[in-house]
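Subject: Two-chain model for you to look at

Hi there,

Here is the structure I promised to pass on.

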Amino acid sequence: MKYAFSFLAVIALVLIAGFGSQIPGMQYLFGVVVPYLAIMLFVGGFVYRVMQWAKSPVPFSIPTTCGQGASLDFIKQDKLDCPTKTSEVAARMFLEIFLFRSLFRNTTSELHNGPKITYESSKWLWLFGLLFHYSFLVIVIRHMRLFIDPIPFWLSAIEGVDSMLQIGAPTLYLSSVTLLGGLLLLFGRRLVNRHVRYISLNNDYFPLVLIFAIGLTGILMRYFLRTDIDIINIKNLAMGLVTFSPVIGAKIGAIFYIHLFLVSTLLAYFPFSKLMHMGGVFMSPTRNMANNSRAKRHINPWNDPEIKPHSYAGYEDEFREFMVDAGIPVEKELSAAKDEA
Amino acid sequence: MAVPKLEQLSKSVVQGPSLATGAIPTKDWMDVEAVFKPGNYAYPAKVEKVEYLNSQKGLHFPNAREWNPEDDDWKLPEDWKDIILKGLKDRLDKFRSLKIFMDCCVRCGACADKCHFFLGTGDPKNMPVLRAELLRSVYRNDFTIGGKILGKMAGGREMTVGVLKEWFMYSYQCTECRRCSVFCPYGIDTAEVTMMLRELLHLVGVGINWILEPASNSNRTGNHMGLQPHTFKDNVDFLADDIENLTGVKINHSFNRKGAEVLFITPSADVFAEPGLYTAMGYLLLFEHIGLDYTWSTYASEGGNFGLFTNNELMKKLNGKMYAEAKRLGVKYIIGGECGHMWRVVHQYMDTMNGPADFLEVPKSSITGTTFNNAASTKMVHISEFTADLIKNGKLKLDKSRNAHVKATFHDSCNTARAMGLMDEPRYILDHVVDNWVEMPENTIREQTFCCGSGTGLNTDEIMELRMRSGLPRANAVKHVIDKHDVNTLSCVCAIDRATLTSLMNYWNPGCNVCGVSELVGNALVMDGENRQELDEGLRTLV
């Protein structure tokens, strides 16, 4: 019941913000101090983690080759899956990061009587993952309208596309639906898929529940509890936060503080969790290196020149008689070696 | 250990309660202990082998002792925990891959059923993600803020003797084949994790004999088999005699000859036992056919490198002989025989560890004039690249009908496929030396190829049941083409494969031969001045 803990934790966070923000004078804490702290933790933590990774060298060239390498002229190289040039590596990384290409390959295996093992393409995880990540991205971009004034054209354009179905008023954003849908599917997969269920930790359920709660409070605010909040005051607060002159206006409802507190929690939690895969995916040596280690020497900064092979001289000393008997050429003839000894 | 009968194991794999067959364990994995019993572990390294390695300059193999995995007390050093944690810290500082792989996994489970050990055993800890979690849980506990504060709540776990035993069990149920890494959205490579686990275990004297004995042999005698120079020469001479008997062609070969153009290095298993012997005969015939000016070496008489399966220091030390010998003999470049893990080392590690090889020349085939630019720095060419180039340039007289007895399929070695990208060269050769060959199903070849199940020094007999289980996905794919296309030969470019796939075929698919691609080349070559007998089974024909 590891996921139960995540629900409890998120409920606790909701209660803290819901009640806390209603205590007179605490709005500044929840509206200004906590978000600033969270941002600082996020940026500082993210940079720290990336620097920590970067501090460790990549001693060996270890790309995972997923296609034919560059070889003879008449052997066709798979430039995407076995890149040798930087541009090819960049293309491989682009597809990995933006289209989750490795997940696209996913298969599921089944054992049948015989025994017989079958493999079938399985793209669910790829689909759920894409759905969630791109919805999240669109939502983050949409929220930029709170921090920019006037609203740039491109932002309105994205909103326009996101609400193109023109359902309800205010119009429904597709990304709101797909985010929650993606999260539910990913969460459901963790419960239903027996492999994943067995390996899942609190650390895996918590972010899903947290982001779901963030999405849910956001949707409540936009579509259902609009009268409880004052969007003008929220925009003022947001603009104040980015210009370092935050002002708390009256009449920002508890639901907003809950939403903001959950987002702050996510930001603060991010660098210390598996969510850092966002940074790590760029730095994974098996994907971001060119497969050219025979053509171009890769340098290991801690290579120890003192580690030398058992010397030929030592080898010949041990086996000289046998070698001479067998007619294998030697550096020192038997007599010379004896004289030395 | 007796291996279960085929019917028993066939049933057990499919119907036995395991995570692979649908049974979900009731206990959390952290609460399941590793239990050692005869047949599920490889024998610990002999005292004298560990002592010998530890005495070698630059190597560290402490705590040589008699110990038994089945005993409660593994006779670890008193401060074993400090050694392990410090060792882990050192490695986090030395390998970015380790840090990234510890931090980035989201446990999406894409790797879960990609592992041949998991498919064959159904043991949850053989899911690559969980194998890595064995280490990751300790890493979280001692090296991350979340784990330090929240402990088990954040997936942390204290380092205990039980955890160490678990590491031993599951780092020796991984062949570092990298199949999981192909499917991971972050490219997390369990091979890296297993390598680190094995390195850490060696720090406290936990290692297996099947790896450390060949490694110490290789250090001393130049090859894993422990063949001394005269014996190594005898073995090759014997193969040359066999060729003369079969084809009437006298082979001109030499050992440790200075001034040769090329140094040829192949796994010593090729000159030691069937079916590798026939592959070695293929090399001898090929080089004779084109009149290559080359030499064997008794000092660098091992292509393979069991150091890869222990720690990077030993890997470097063993590998160093290749360049040292090339330099001593004054050759221009090196050709390497068919071998999987050998080529992992040569392709991804050698130049970094023991280069630059500035005393060699960029490999240029004196027969075809082709320059091997892909090996411009290492100066070492794969025999399949070399052979494919010869064929392309029409330098080989080949008669496919001499392989009429062969209906082949081709097994990609994990290492050449996923750590090198050598896939189409052997296929190009097959196209030209056999009439009949077919591919296995697409999810089991090329970058998705399945390991033989016994790589990384796990090809020892005491764990035969495990090997037959982990080899099942490969064997099953072979069975598919046997049933469908009457395949009778499993060809490959790996010496460990030649040995282990033979056991695997004998068990799961009796009657299917295993051979090196170079054996098929040798079969098909039409030699000058030959006086060939009726060779119904090519080089294998008994006359």
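This is a predicted model: local features need pLDDT of at least 70, side-chain atom pairs count only at pLDDT 80 or more; totals for chains, interfaces and linings use all residues.

**Chain B as a whole**

Along its principal axes, the C-alpha trace of chain B spans about 75 × 50 × 40 Å. Of its 543 residues, 64% count as buried. The chain holds 22 helices and 8 strands. If you take contacts between residues at least 6 apart in sequence, 77% of those in chain B join residues at least 24 apart.

**The two domains of chain B**

Across the boundary, 29 residues of domain 1 of chain B are in contact with 30 residues of domain 2 of chain B. On the domain 1 side, the elements giving two or more residues are α2 (47–55), α5 (116–121), α9 (179–183) and α10 (190–203) of chain B. The largest share of that side comes from α5(B), with 5 residues. By class, the side of domain 1 of chain B that touches domain 2 of chain B has 12 nonpolar, 11 polar and 6 charged residues.

One of these elements, α10(B), deserves a moment of its own. Its 14 residues reach 20 Å from the first C-alpha to the last, close to the 20 Å expected at 1.5 Å a residue. Is α10(B) mostly covered or mostly open? It is mostly covered, with 14 of its 14 residues buried. After α10(B) comes B:G205, which has a positive phi, near 80°.

**A parallel sheet in chain B**

Chain B has an open sheet of 4 strands in the order β6-β5-β7-β8, with parallel pairing. Its edge strands are β6 (437–438) and β8 (513–516) of chain B, each of which pairs on one side only.

With β8(B), β7(B) runs parallel and is joined by 4 bridges. Within that pairing, B:T489 has B:N513 as its bridge partner in β8(B), and B:C492 has B:G516. The other pairing is with strand β5 (residues 408–411) of chain B, again in the parallel sense over 4 bridges. There, B:T409 stands opposite B:L490 of β7(B).

Which way do the residues of β7(B) point? B:T489 and B:S491 point one way, B:L490 and B:C492 point the other way, and all are buried.

**Chain A**

Now for the partner chain. Chain A has 15 helices and 2 strands. Its radius of gyration is 30 Å, well over the 20 Å that the globule rule gives for 341 residues, so chain A is more spread out than a compact globule. Its C-alpha trace spans about 105 × 50 × 45 Å along the principal axes. Buried residues make up 36% of the 341 residues in chain A. Of the contacts in chain A between residues at least 6 apart in sequence, 63% join residues at least 24 apart.

How is chain A divided into domains? The assignment gives domain 1 (2–288) and domain 2 (308–341). The C-alpha centres of domain 1 of chain A and domain 2 of chain A lie 66 Å apart.

**Where the chains meet**

Lastly, the interface. How many residues of each chain are in contact with the other? There are 89 residues of chain A in contact with 102 residues of chain B. Helix α14 (residues 312–326) of chain A gives the most to the chain A side, with 7 residues. That side of chain A is made up of 41 nonpolar, 33 polar and 15 charged residues.

Happy to go through any of this together.

Best wishes

Notes:
Residues are numbered from 1 along each chain as its sequence is written. Chains are lettered from A and ligands numbered from 1 in the order in which they are written. Two residues are in contact if their C-beta atoms, placed from the backbone, lie within 7 Å. Ala, Val, Leu, Ile, Met, Phe, Trp, Tyr, Cys and Pro count as nonpolar, Asp, Glu, Lys and Arg as charged, and the others, Gly among them, as polar. The expected span of a helix is 1.5 Å times one less than its number of residues. A residue is buried if 20 or more other C-beta atoms lie within 10 Å of its own, exposed if 12 or fewer, and partly exposed in between; C-beta atoms are placed from the backbone. The radius of gyration is taken over C-alpha atoms; the globule rule is 2.2 Å times the number of residues to the power 0.38. Domain bounds come from an automatic or database domain assignment. Two strands pair if DSSP finds at least two bridges between them.
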